[in-house]
Amino acid sequence: MIKAHGLTKRYAGRTVVQDLDFTVRPGTVTGFLGPNGAGKSTTMRMLLGLDAPTRGRSTVHGRSYAAHPAPLTQVGALLEARSVHPGRSAFHHLMALAHTHGIPRRRVEEVIDLAGLTAAAHRRVKGFSLGMGQRLGIAAALLGDPATVILDEPVNGLDPEGVLWIRTLLTSLAAEGRTVLVSSHLMSEMALTADHLIVIGRGRLLADTTVAELIRSAGGASVKVVTPQPDGLSAHLTGPGVTVTATGAPATDAPVHELRIRGVDAAYIGRVAATHAITLHELTPQTVSLEQAFMDLTQESVDHRPQQKPPPPPGPSPLTGAAA
Amino acid sequence: MTTTHPAPASPGPNPGPNASTPSTPPSPAAAPPARYRVTPTRVLRSEWHKLRSLRSSWITVVSAIVMVLGVGLIMGGTYTSGGGDSDVDTVVLTLYGSMLGQLCLVVLGILMTAGEYATGMIRSSLTAVPARLPVLWAKAAVFATTVFTVMFATALVTFAAAQAFLHDTDQAASLTDPGILGALAGNATALTLMGLLALGLGALLRSVPGAIGAFIGGVMILPEILGMLPYEAVERAIRYFPTQAAGALGSATPIPGTISPGPALLALSLWAGTTLAAAALTLDRRDV
């Protein structure tokens, strides 16, 4: 169980994390989401006592991380940046950490096998690929058999096999009753592993919710319609819960308009258009993907983005099941 | 199973496999293995393991030995009685190579602290030992023990080897002669304390090139420049500076214009201790 109370971090007048309050519960995978630069890594460093909060505090199992007599048994962490001396072998790196807690060599060999590093254990980390480096980081995180696992962008640099391994690992860690907090800037990745989501942007808490709830709040499904007679169509589509939004004209010479319609499905719009002889150039059901819900939620808070909102991804997302 | 496009059979994470396990046992935190605990001895053991599992440690220590022993042999082998070096203290003459050896050990001390910041290892170290200060003390203790043991042994061997050449010259001396053993131990002590000063600088500045530059500029060159100033007080003060105090510690006979070994040991200890204390203060307060 991790708790953050009003966690705030300011660097040289810039507020990186502001007033974060959240609770990460055991037994589930909690996704910690936010665009790059949202303050995820800083928050995680504060949880581990590496950065001191400007205001507020965080606790792990009721105490600040540093107050635990055996911190590695409380929290195992994989930080975003590499935290290994490249001149040391994986085995010696883990052994040096294990010595601080009196963790035996047997356990070091166990986590090396668990992370799939057996063959590379005695090679210097210098020659490791990004994926092997991540695996070493995970091995270090699991060294103390911790009750809580904090992983910062664990799938970065992993091949598909490694990504699958992480997903399975996270799910099984949570099933064992552990607290699992995983950060990512990729909603699609989180959607596959996380049950609960904590979304931050520019250091502020944007959502503390479940995946399904996030999609619901993002507005659910809509239909994209392109027509030269927007007013005629809108007039026939009034009703409770139906909204018609003009989203602009496509970049063609034809005087057509693009509408976003919520509350009725494509079949109904098609029938209405046929009944009233309204020309349609396009009639496309749009599902709000988690990715889209995430972008809607965070678009106010990203530091750098193109001036125009990018068009929604055309294909159906793998999460349509959850969205429906 | 595909990894990039999950089949629709897995409809999103919710409710997910875990939602149906309310019978999940309480967090394992309730019963951590009681035998796992951070203790100062274990941190020492960890730092010792870190030191010996890096190639750079071996390279710097072996280089220091080779410098001291090599220069000592050259000094002994090329010495002629009545030459320009007749008035030089025997131990100082034998251990001329210490100046080169010291550079290697300074680099080792800086690598042990600043090197962890350069590689990011410090984040792992301080996550394992969030109390932080035990890590610095353990590094200093491991460094001091290793360097003193190795350099004292090197001094003894170098002295014996040089005497094989010097026994029939006016630099003939024996370990039992007054001041000889003390000066050999003093030499190793000086190398250790100078190294600790460098280790502290590395922890303070968190940059390997920065700390090496600060050591060379501040500890080695600055006193030489100050010594050019025509003020008696400055000249007297410089005797208490690290390099001058270190020189006084490693001589069997008093060198004119230096302090005696007792105050020299105290002065050098204060330099190293103050630097380490400043490093401890910043380590405790600054973000990693």
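Q: When do two strands count as paired, and over how many bridges do β1 and β2 of chain A pair?
A: Two strands pair if DSSP finds at least two bridges between them. In this predicted model, strand β1 of chain A covers residues 2-11 and strand β2 of chain A covers residues 14-24. One of the bridges joins A:Ala4 to A:Phe22 in β2(A). The two strands run in the antiparallel sense, and the number of bridges between them is 7.

Q: Which residue takes a positive phi in the hairpin of β1(A) and β2(A)?
A: The hairpin has 2 residues between the strands. A phi near 45° is found there, and the residue that takes it is A:Ala12.

Q: Which strands stand at the edges of the open sheet of 4 strands in chain A?
A: The order of the strands in this sheet is β11-β12-β10-β13, with antiparallel pairing.

Q: Which residue is the bridge partner of A:Gly248 in β12(A)?
A: Strand β12 of chain A covers residues 257-262 and pairs with β11(A) in the antiparallel sense over 5 bridges. In β12(A), the partner of A:Gly248 is A:Glu258.

Q: What angle does the direction of helix α10 of chain A make with that of β13(A)?
A: Helix α10 of chain A comprises residues 266-275 and packs on the sheet. The helix touches β10 (222-227), β12 and β13 of chain A. Its direction and that of β13(A) make an angle of about 160°.

Q: Why does A:Gln299 count as partly exposed?
A: A:Gln299 lies in the loop between α11 (290-298) and α12 (320-323) of chain A. A residue is buried if 20 or more other C-beta atoms lie within 10 Å of its own, and exposed if 12 or fewer do. A:Gln299 has 13 such neighbours inside 10 Å, so its class is partly exposed.

Q: How far apart in space are A:Gln299 and A:Pro35, C-alpha to C-alpha?
A: In sequence, A:Gln299 and A:Pro35 are 264 residues apart. In space, their C-alpha to C-alpha distance is 9.0 Å.

Q: How many strands are there in chain B?
A: Read along the sequence, chain B follows the pattern α-α-α-α-α-α-α-α-α-α-α. Chain B has 11 helices, and its number of strands is 0.

Q: What does the chain form over residues 180-205 of chain B, which the UniProt annotation "transmembrane region" covers?
A: The annotation comes from an unreviewed UniProt entry, and residues 264-283 of chain B are among the other stretches it covers. Over residues 264-283 of chain B the chain is 100% helix, with end C-alpha atoms 28 Å apart. Over residues 180-205 of chain B the chain has 0% strand and is 100% helix.

Q: How many residues of α7(B) are buried?
A: Helix α7 of chain B has 26 residues and reaches 37 Å from its first C-alpha to its last, close to the 38 Å expected. The helix is followed by B:Arg206, whose phi is positive, near 60°. α7(B) is mostly covered, and of its 26 residues the number buried is 22.

Definitions and conventions
Residues numbered from 1 in each chain as written. Chains lettered and ligands numbered in written order. Predicted model: local features only at pLDDT ≥ 70, side-chain atom pairs only at ≥ 80, totals over all residues. UniProt positions renumbered as here; feature names shortened; annotations may be inferred. Expected span 1.5 Å × (residues − 1). Contact = placed C-beta atoms within 7 Å. Axes fitted to C-alpha atoms, helices over the stretch in contact; angles between N-to-C directions.
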